[in-house]
Amino acid sequence: MATIRLIPSTYYLSNSSYLSVSNASNMYDDTDSTSYATVTNSRNSTSSYYIYLRGFNFDDIPSSAVVSSFTVMLKAYESGVSTSSSYVPYLANGTSTLSGCSTTAITTSASVHTFSCSYDWETISGYGDSFGIRINCRRASRNTTSYMHIYGAEIEVTYTVPNPRTITSSISGDGTISPSGANTYYDGDEYTLTITPTDTSSTVTATQDGTDITSSLVAHYAGGTVSTVLGTYTLESGSFNGSGASYFSGIVGNGVDASQTSSNYYSSSSSTQAVFTYDMSFSNIPSNATISRVYCEVNGHAESTSNSNEYMCVQLMSGSTEISEQINFKDIGTSNTTITLEATTLPTVSQLASMVLECTLGYYGGAINGATCYVVYEVASSYPEYYTYTYTVSSDSTIAVTIGGSMETDTLYVKVNGSWVEVSKAYVKVSGSWVEQSDLTAVFSAGTNYRGG
Amino acid sequence: MAISKVVFGSDTLIDLTSDTVSADSLLSGYTAHSADGSEISGGVEFVTYYTGSSTPSSSTGSDGDIYLKVVS
């Protein structure tokens, strides 16, 4: 337990013409002081004049301190006036007096005035530099100068500082935690740890002064379920097929690159249109993905725009089904332009294998400098959006939270050659055919015996 | 009445009394004799699981079996 005296460091006069202070430094002392400063009031009788002592350094008390009591005091007396004068101290926030405080008028004998108020320490200290002791100065009569002598003022604060504890938290695997790393807390503090996983498995540990405290964390709330993970996948490779493929070999590539401008124009040069396709591979998209967008960016230009014959067109196809609008290069113009070919009918993951970028050659052609196709997809997953844990800091305790287990609803491992390997798909043979299972967790069941084949 | 122990003179020719085999610990399709000498038939069924990095061949396994395709 410690006791500290906070004393003022400055003062303010409401009127500098008729109020003055001599030996001001004597005010900046505690109430044990025997030297005083003098406030001279030479103005007519009025209660609107005051002196305001402030500048208490609340920072002298550690921020972690628990204040058990505090007392605001002023030591002063008045002289040279009749008993009808009035010097009354108040507590103030800024220039406004605080209600709810009782004190007595300063008398002609030096005494310590103690303020009895309904305010708690948090309120008083929260005023900071605005907090002060205001003493209204009202002299008795027009013809008599009055004086007030101030020995000092103080706030005597008794407090204790709890033992500091270092809580260190960390996360392994995916996700974030807050706070992370080493942070200082004090006995009685409530430590709150928020865990935001970004995948289905991560482990959080927390230690207090090096001792594992994870098991002492109290879970308060797990947020909603994160249901999707977004991904955009670019085609892996492609190749030409079709009667016009030879015209375009090496021109359409993986990537839109206008610098590869072709000086040649490609057309069927006949009334018979030629068609070639550009096959695309998206094999790395998970089978349980939901596709939300498919589009291609194609850069090229038309040979001409002034002829009425057919021009080269591009379109997304899924097998023989048109899944996008057909864009005519005549509409693009003769300058290289990147167009976006948007699928209006979204294919499924399995249908991606038969999706192609189809080019139809007209009598007049165009140049394609490059093309890249994208599939935007979502993969459903299931894990808590976040967890919040609290822990009341105390002397010897410990914690350790493992995120996983129940969250890993769609992950299955099998030990192969001594190592655990993640299972991507599971099949059950039914009537002689292997049937893929959508729910990996339902493949195995309790009460059934299994053996390796 | 089932016989679990046979003693000839001072010689014990057969003694099943300490055997622990039971129907629920014996593979289905096999028979044995329990500690009291009675014949029991195995009742333990297994589901066979296979692992591999590609899709399963139709010639692999039989109905009810499991195939786990692992991440390669």
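The questions and answers below work through a predicted model with chains A and B.

Student: What mean confidence does the strand of chain B with the lowest confidence have?

Tutor: Chain B as a whole averages a pLDDT of 84, and 97% of its residues score at least 70. Within chain B, confidence is highest in strand β3 (residues 31–33), at 91. It is lowest in strand β1 (residues 5–8), where the mean is 80.

Student: How many strands does chain B have, and how many helices?

Tutor: Read along the sequence, chain B follows the pattern β-β-β-β-β-β. The secondary structure of chain B therefore comes to 6 strands, and the number of helices is 0.

Student: Which strands stand at the edges of the open sheet in chain A, and why is one side of each left without a neighbour?

Tutor: The open sheet is formed by 5 strands in the order β2-β5-β11-β7-β8 of chain A, with antiparallel pairing. Each edge strand has a single partner strand, so one side of each is left without a neighbour in the sheet, and these edge strands are β2 (10–13) and β8 (96–97) of chain A.

Student: Which residue of β8(A) is the bridge partner of A:A92?

Tutor: Strand β7 (residues 86–93) of chain A and β8(A) run antiparallel and are joined by 2 bridges. In β8(A), the bridge partner of A:A92 is A:T97.

Student: How many residues of β4(A) are buried, and which residues point each way from the strand?

Tutor: From β4(A), A:A37, A:V39 and A:N41 point one way, whereas A:T38 and A:T40 point the other way, and all are buried. The strand is mostly covered, and the buried residues number 5 of its 5.

Student: Which residue of β12(A) is the bridge partner of A:T40?

Tutor: β4(A) pairs with β3(A) in the antiparallel sense over 4 bridges, and in that pairing the partner of A:S22 is A:T38. β4(A) is also joined to β12(A), which runs antiparallel to it, by 5 bridges. In β12(A), the bridge partner of A:T40 is A:Y147.

Student: Why is the pair of A:Y36 and A:Y151 called edge-to-face, and how many residues apart are the two?

Tutor: A search of the whole structure finds 11 aromatic pairs over all chains. In this pair the ring centres are 5.2 Å apart and the planes stand at 70°, so the pair is edge-to-face. The pair links distant parts of the chain, with A:Y36 in the loop between β3 (19–22) and β4 (37–41) of chain A and A:Y151 in strand β12 (residues 146–160) of chain A, and the two are apart by 115 residues.

How values were computed
Residues numbered from 1 in each chain as written. Chains lettered and ligands numbered in written order. Predicted model: local features only at pLDDT ≥ 70, side-chain atom pairs only at ≥ 80, totals over all residues. Heavy atoms only, no water. pLDDT = per-residue confidence, 0-100. Pairing = 2+ DSSP bridges. Phe/Tyr/Trp six-rings, centres within 6.5 Å; stacked < 30°, edge-to-face > 60°. Buried < 20%, exposed > 50% of the residue type's maximum accessible area, 1.4 Å probe, protein only.
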